[in-house]
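Reader: Before I plan around this protein, I would like to go through its ligand surroundings and its annotated positions with you. Could you show me the model to begin with?

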Amino acid sequence: MQETKKGLEGIVALDTSISFIDGMQGILKYRGLAIEQLAEMSYDSVSYLLVNGMLPNDQELAAYSFRLKTERRINGEMIDIMRVCNYGTEALDSLRTAISCTAQMDHENDNNSLEANKNKAIRLIAKLPTMLAALYRCKKGETPYLPDDNLSHGANFLYMLRGEAPSAIEAEAMEKDFIISAEHELNPSTFALRITASTLADVYSAIITGLCTLKGPLHGGARKGVMEMLDEVGNPENANAYVLHKLASKQKIMGFGHRVYRTGDPRSRIFKEMARRLADEKGDPTWYEIAESLEHAMYREFLEMRGRPMYPNVDFYSGVIYKYLDIPLELATSVFAIGRVSGWTAHCFEQYMDNRVIRPRAHYV
Ligand SMILES: CC(=O)SCCNC(=O)CCNC(=O)[C@H](O)C(C)(C)COP(=O)(O)OP(=O)(O)OC[C@H]1O[C@@H](n2cnc3c(N)ncnc32)[C@H](O)[C@@H]1OP(=O)(O)O
Ligand SMILES: O=C([O-])CC(=O)C(=O)O
């Protein structure tokens, strides 16, 4: 039998046309389009691209956005369920229950045709922000806000959390966050859900697999870890000591490192610029300055100790943006999922279209 590769490092498991990563040059493309270009589009366009394989023309985009807006609403039964969900420190624990309930209420749940599955993708993409905002409001004992059809995907989510429309720059930041978080090849959650899909389980089951895998602090949960770290560091002057202590005690620093990117994560560069603009606009440089000091300290100290630098990943400056957007800590991982759900559904469809059950071997010791 072949040699075991711990963590499946470097193993190529399947062919995909959904995204491309060059880890040496720091390149990421969704369906052939560079992440820098995608970041300037709307989330609706990018989600259409991921789910349908090509960018929409104006008419297709208008029809797709209209359907998403129509599907944003959740019914009273769902809200009753949400009132009893009562998550603790991680809203994702309730979000996965809400998705399970949506599946049971979906008359197409057991229909695995491409048409029915695309309908489910639209429902999931549209309803996830509403469900998360409603869970948050219910947890506080308050009535959920109805979605606002005049607002974009990102702006509407912030509106449903706060009850007031966000500023233009906040709406832009949320929209960019959803776009840049939408897809990343065979990351752990996507790989996990492709295994579920490969057994021909339904889309909702696959998405819940992905969601549960995203939760861990070494994957999507790192965003929440970054927000906690910013609070703990508290001041740019404390960044170096924080990094030195963590490295000396062999603890991971959240928001740094990546299995694939070796020279930096291109998404982090876009998020850093967005975080800087938010800091300027809000006249509050604190979170940005702490983050930049952590980035510099990590680069320097890791290089000194290990002979190679360490770069921030997608979660680092996204966590900074969440601080500026006042995203509650317990919602951070689920907000990541709102963006990622487009990529997840695209991977489900790709798996179903050319399926063979994913079943590797283990080396018995
Ligand atoms: C959306 C996302 O999933 S992006 C990733 C989000 N996760 C995080 O930010 C958590 C912190 N980072 C990590 O845990 C890792 O860098 C991962 C999980 C992202 C990648 O893991 P791997 O490819 O397995 O790298 P691995 O953990 O083997 O790292 C290699 C070495 O660098 C060290 N290292 C890697 N990341 C970090 C970090 N963030 N802080 C401190 N040391 C680190 C490891 O301890 C390891 O040291 P060792 O050789 O002494 O064991
Ligand atoms: O690709 C990975 O391993 C993790 C990641 O960056 C993501 O899921 O966006």
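Reader: How do the residues of the shell around ligand 1 divide into nonpolar, polar and charged?

Author: This is a predicted model, and in it 17 residues lie around ligand 1, with His219, Ala222, Phe256, Gly257 and Arg259 coming nearest. Sorted by residue type, the shell divides into six nonpolar, eight polar and three charged.

Reader: Is His258 buried, partly exposed or exposed?

Author: His258 sits in the loop between α12 (239–248) and α13 (266–282), and, leaving aside residues up to four places away in sequence, His258 touches Asp265 and Asn313. A residue needs 20 or more other C-beta atoms within 10 Å to be buried. His258 has 19 such atoms within 10 Å, so its class is partly exposed.

Reader: Is Asp315 buried or exposed?

Author: Asp315 belongs to helix α15 (residues 314–324). Not counting residues up to four places away in sequence, Asp315 is in contact with Ala222, Arg223, Val226, Met254 and Gly255. With 31 other C-beta atoms within 10 Å, Asp315 is therefore buried.

Note on methods. Residues numbered from 1 in each chain as written. Chains lettered and ligands numbered in written order. Predicted model: local features only at pLDDT ≥ 70, side-chain atom pairs only at ≥ 80, totals over all residues. Near = placed C-beta within 6 Å. Nonpolar A, V, L, I, M, F, W, Y, C, P; charged D, E, K, R; others polar. Helix = DSSP H or I, 4+ residues; strand = E, 2+ residues; numbered from the N terminus. Buried ≥ 20, exposed ≤ 12 C-beta atoms within 10 Å, placed from the backbone. Contact = placed C-beta atoms within 7 Å.
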